[in-house]
Structures are given as C-alpha cells and as structure tokens.
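Hello! Here are a few points to read with the model open beside you.

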Amino acid sequence: METLLKDPIMKTKDLTKYGLKDTKAHWNLSPEELQAITLEKGMGKETANGTLAINTGKFTGRSPQDRFLVKDDYTKDRVWWGKTNKAISPENFDYLQGEIEKYLSGKEIYVRDGFVGADPEYKMGVRTVTEYPWSNMFVFNMFLRPTAEELENFNEEWLVLCAPGYECPEPKKYGLRQGNFSILNFTKKIALVGGSAYTGEIKKGIFSALNMILPVDKNVLPMHCSANVGEDGETAIFFGLSGTGKTTLSADPNRKLIGDDEHGWTAENRIFNFEGGCYAKVIDLTEEKEPDIYRAIKPGAILENVIFKDNGEIDYMDSSITQNTRVSYPIYHIDNIQQPSYADNPKNIFFLTCDAFGVLPPVSKLTPGQAAYHFISGYTAKVAGTEAGITEPVPSFSACFGEPFMPLHPTKYAEMLSSKMQEAGVNVWLLNTGWSGGPYGVGSRIKLKYTRAMITAILNGELENVDYEQHPIFGLYMPKYIPNVPSEMLDPMNTWLQKGAYISKAIQLAHSFHLNFEKFASEASEQIIEGGPLIDEHHHLTDHV
C-alpha cells in the first residue's frame with residue numbers, strides 16, 4: 001500500500017487544523033488507485049468491462065428530511081426557512097463537527113482537492129475528506145479537476161467532511177430527526193455528511209451552498225438545468241425535473257454539451273457548469289435510448305446500487321435495490337463537450353414538463369410573467385403507480401425546478417431569471433414531453449422525434465415568423481406551424497376526442513397550479529401572478545384574457 005502515498009504535489013498534509021488526528025491520509029489519489037483500494041477492501045465489484053460498482057447501503061437517495069442549514073447571522077434573514085430548509089443551531093453544528101472529527105481521527109481517510117464553477121471568475125476551491133475511497137473517486141468525477149500547478153497553490157474555500165459510518169447516538173438532543181444528517185454552515189464554510197453513504201449528498205450539499213452564495217454575494221443566478229451550445233455560439237438551457245428529458249434533450253449531436261445538471265448565469269451573460277462530471281440515472285438504460293450515458297459507463301465511472309447478471313454485465317432493468325440506480329462519470333467520458341465548460345449568449349430557455357394529464361401544449365412560448373410563474377411552479381406530473389385501477393396521474397411541483405436545493409425564497413431566483421431574460425433577449429419555451437390525446441392511460445406519450453423537431457426549429461429561428469394562438473385556460477402562446485411536426489397536435493384540445501373532457505381536465509390542472517402558487521403569492525410581483533392560468537379559483541376566466 002505504501003506506493004499509494006506518493007503525493008509529491010501536496011506542500012502540506014496537515015489535517016490537524018481540521019481536528020483530524022493520527023490519520024493515515026491519502027491525498028488526491030488517481031481514480032485507478034481509488035478503484036483498486038475499493039476492490040481490495042471488498043467495498044465494490046467490477047463489471048465485465050472494468051467499471052466499478054458499489055452499494056451505498058441503507059440510503060440509496062438523498063434524505064431531504066435530514067438536511068439542515070445552520071441558523072446564524074449570515075442565514076437567519078436570508079434563508080426561506082421551512083420544510084425544505086430546516087434550521088440547526090451553531091452549537092449543535094459544532095458538537096456534530098467535533099464528533100465527526102473524533103470519528104475520522106486514527107482512521108485511513110481520503111482527501112481530494114477540487115473546484116466547483118467552471119468560469120474562472122467564480123471558481124471555488126473545495127477540500128473533501130471522505131471515510132470511503134469510492135466517495136473520494138465520486139468527488140474526482142463530479143468536481144472540476146485541478147491542474148498540477150493549481151494543486152500546488154490550492155486554497156480551499158469550503159471543507160466537506162463525509163463520514164457515512166458515523167451516526168449521532170442522541171439525534172433529538174442535538175436538533176436532528178435521526179442519526180444521519182447533511183448540514184451546511186455558511187459562516188464556517190463547512191459541509192458535514194454523517195450516517196449516509198449516498199454520494200449525491202456531497203454533490204447536492206455543495207450545489208445548495210452555491211445556490212446561496214452566488215445570488216447573495218456574486219449576482220449570479222444558480223440553475224438546476226442542463227445546457228448546450230451550437231456552432232453559432234448560441235446557448236440553450238433546459239430546466240426540468242427528473243424524467244422530463246433534461247439529460248436526453250441536451251445531448252444533441254449538432255451541439256456541444258456544457259453540462260447536464262447545475263449551472264450559473266453571470267452578469268456578463270455567461271452560462272457555466274458547476275461540475276466536472278455527470279450523475280445520471282441508469283434505471284432501464286439502453287444504448288438505443290441514451291447512447292451517451294450508456295457509452296460513458298467504462299473504467300473511471302462508478303455505478304451505484306445496480307444488480308449484476310451472471311456474466312458480470314449489469315441488469316439495468318432490475319430495480320430490486322432502488323429505482324434510483326445511478327452512474328457518475330467525468331464529463332470527458334462524453335464525446336461532444338464544450339471545453340472549458342462555459343459559453344456566452346443564452347438565446348433559448350426550455351422548461352420541460354412531463355404532463356401526464358395531456359393538457360399542456362407540446363410547445364408554447366412564454367411571456368416574461370409566464371416564464372417567472374412557471375419557473376416558480378416547477379410543474380411536472382408523476383404517472384400513477386402500477387396498481388390495478390389507479391390511472392390518475394399526480395401533479396408534482398418543485399419550485400425553480402430544484403426546490404430541495406434552494407436556500408432562498410423561490411421568487412428571488414425567479415426575479416433574477418426574469419431580469420436576465422429581458423436583458424439578454426432570451427426566448428422561453430414550455431415543452432410538454434408527456435401525454436397528448438388524453439391523459440396517461442388514454443392518450444399517448446409525445447414522440448421524442450417530435451420534441452426534438454420542435455427544439456431544432458426553435459434553435460434555427462424557424463418559429464420567429466409563424467402565427468400563434470393563445471391557450472384559453474393557461475394563456476400560453478401555441479405556434480400554429482412547426483416543420484416536421486403534425487400541425488393538429490400543436491393545440492392539445494384538437495387531439496382529444498371529447499372537447500368538454502379536455503376543458504374540465506385543463507381547469508382541474510389550472511386549479512392545482514393556483515393552489516400550489518398560494519404559498520409564493522405574497523412575495524410575487526403582479527407581473528408574475530398574471531403569468532398564471534387565466535381562470536380564477538372559482539373557474540371563471542379572468543379579465544386579462
């Protein structure tokens with residue numbers, strides 16, 4: 001094992017300043033070394049093609065109820081406290097930090113220096129200390145990798161301490177719900193992860209920190225979105241919740257991928273990736289459906305919670321551990337990428353929604369007020385469970401298409417988005433990748449080739465001079481013609497056999513939007529409120545139709 005400690009780059013290996021004593025620390029090991037140690041310790045297996053596969057144990061996803069922000073002078077008047085952002089006292093944080101330091105002391109641990117934020121102006125150094133070698137390899141994949149020179153002069157702005165093996169024995173006494181926790185302290189600039197080995201806690205912890213720091217201190221809008229750039233240098237941004245097509249639709253053979261999940265939009269109108277990799281779902285993965293992701297699964301990638309077949313291949317259809325099977329890989333596993341991962345000139349923003357009610361148009365153009373309203377709403381619909389007789393979809397709203405990671409009030413992000421849109425002259429489009437011709441169980445899913453044709457037409461400027469009509473209930477502007485898309489599907493009412501059934505379903509969905517928006521209304525401007533559906537609570541069409 002001694003050969004693994006050849007880290008000539010590090011000037012300092014002093015971890016005692018973090019309260020970590022007598023550790024055997026490995027600094028900035030290569031992915032190959034980390035994979036070898038993981039296998040040697042019996043913490044993972046290799047697939048037929050040499051990719052590392054690990055199991056994250058009890059937690060196979062984030063635990064949103066166990067996520068806390070320290071309530072102190074920096075956060076107390078800024079954070080939107082509540083179900084998403086739960087408070088913990090500085091004293092309880094200090095106690096838990098001390099316990100994790102004691103827990104990691106005397107152990108073999110892994111330290112990794114990396115950056116988040118690809119724009120040199122907004123790059124932030126993060127030092128991560130992990131109990132497990134594969135957690136450290138995940139950080140190599142997901143954060144931006146420093147050059148030898150950058151490592152030489154590395155200064156961390158944030159510290160992450162990740163101890164999956166530590167659980168707090170008296171959670172209630174220290175402001176926790178149970179033994180595991182994920183906590184951000186903006187004053188100390190420390191993220192603690194305890195009791196959960198799910199790697200997404202590290203990524204989303206730092207992402208949540210940026211969602212606070214960038215808008216408050218740097219005038220940068222953080223976004224839960226994918227982004228790509230065309231030959232002409234025009235950037236497109238794709239917002240959307242899980243299952244709406246964010247990763248699929250941003251992977252376009254004619255455009256370079258900037259990133260697939262987390263970006264910032266600067267005052268200079270630059271769009272930059274926060275990350276150095278991708279963390280993709282692999283449930284039901286096939287090479288036909290997701291060629292880029294499928295081919296990125298090779299040595300250097302890490303598969304999580306997947307099931308092996310007898311021949312060492314992975315059975316991507318098997319969800320017996322979790323539906324949330326994942327892979328992380330460095331972005332250079334994808335061929336067609338923008339390097340470094342930022343670009344200027346955002347021209348089109350797509351809000352992706354999978355509307356299982358079959359109500360929303362396949363594509364519509366939004367006014368600035370509508371854009372802010374739909375951004376705050378963050379709507380998609382979950383298809384009902386597979387139980388017999390249950391065919392009714394469930395509406396799902398996540399503010400700013402990323403509510404679990406947004407420390408500020410959603411209207412703060414929406415107002416930033418509105419003003420940036422107007423300054424940059426960006427068009428915003430709502431794309432329904434869900435159902436047409438009726439709800440789930442009656443209608444059919446809109447074909448991917450049609451959605452791609454809509455995006456292509458928009459990016460080529462082909463919808464600038466077509467006629468639009470306004471949706472009677474949602475007020476959205478629907479194009480009457482798009483090349484390579486059947487015109488009859490562009491107005492969703494045309495695709496339903498019974499027009500009356502369509503109207504009543506649309507009113508029902510509009511009502512869900514209104515109910516969801518009530519919690520934001522007190523902070524929202526008149527323009528944003530007017531961007532909502534055109535019916536009021538009593539199903540009357542309002543005046544501004």
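**Notes on the model**

1. Lining of the largest cavity. The residues of this lining divide into 4 nonpolar, 4 polar and 4 charged; here Ala, Val, Leu, Ile, Met, Phe, Trp, Tyr, Cys and Pro count as nonpolar, Asp, Glu, Lys and Arg as charged, and the others, Gly among them, as polar. They are Arg62, Ser63, Pro64, Arg67, Ser182, Ile183, Leu184, Glu201, Lys204, Gly205, Ser208 and Phe405. Two elements give two or more residues to that lining, β9 (181-185) and α5 (200-218). The most comes from α5, with 4 residues. Helices (H or I, at least four residues) and strands (E, at least two) are DSSP runs, numbered from the N terminus.

2. Basis of the values. This is a predicted model, in which local features need pLDDT of at least 70 and side-chain atom pairs count only at pLDDT 80 or more, while totals for chains, interfaces and linings use all residues. Residues are numbered from 1 along each chain as its sequence is written, and side-chain values use heavy atoms, with hydrogens and water left out.

3. Cavity count and volume. The count comes to 4 cavities of 30 Å³ or more, and the largest cavity has a volume of about 70 Å³. A cavity is a set of points, on a 1 Å grid over the protein atoms alone, where a 1.4 Å probe fits but cannot get out; lining residues have an atom within 4 Å of a point. Grid points are joined across faces, edges and corners, and the volume is the space filled by probe spheres set on the points.

4. Packing of α8 and α12. Helix α8 (residues 368-377) packs against helix α12 (residues 499-521) at an angle of about 90 degrees, and their axes are 10 Å apart. The axes are lines fitted to C-alpha atoms over the stretch in contact, and angles run from 0 to 180 degrees between N-to-C directions. The two helices, α8 and α12, are therefore roughly perpendicular (65 to 115 degrees). On the α8 side, Tyr373, His374, Ile376 and Ser377 meet Phe513, His514, Asn516, Phe517 and Phe520 of α12 (contact means heavy atoms within 4.5 Å). The residues of this contact divide into 5 nonpolar, 4 polar and no charged.

5. Helix α3. In α3 (residues 133-142), 10 of the 10 residues are buried, so the helix is largely enclosed by the rest of the structure. Buried means under 20% relative accessible area, exposed over 50%, and partly exposed in between (1.4 Å probe, protein chains only). Among the buried residues of α3 are Trp134, Met137, Phe138 and Phe140.

6. Backbone points to check. A cis peptide bond joins glutamine 339 and proline 340, with omega about -15 degrees; proline 340 lies in the loop between β18 (326-330) and β19 (342-344). Lysine 189, a residue other than glycine, has a positive phi near 60 degrees. This lysine 189 sits in the loop between β9 and β10 (190-194) and is partly exposed, at 31% relative accessible area. Aspartate 284 is not a glycine either, yet has a positive phi of about 60 degrees. The loop that holds aspartate 284 runs between β16 (277-281) and α7 (291-296), and aspartate 284 is partly exposed at 33%.

7. Aspartate 355. Is this residue buried or exposed? Aspartate 355 is buried, with a relative accessible area of 0%, in the loop between β20 (346-353) and β21 (363-366). Leaving out residues up to four places away in sequence, aspartate 355 touches Leu360, Tyr379, Ala381, Asn432, Gly434, Trp435 and Leu509.

Technical notes. 1 Å grid on protein atoms, 1.4 Å probe; cavity = no way out; pocket = protein on both sides within 12 Å on 5 of 7 lines; lining within 4 Å. Parallel < 35°, antiparallel > 145°, perpendicular 65-115°, else oblique.
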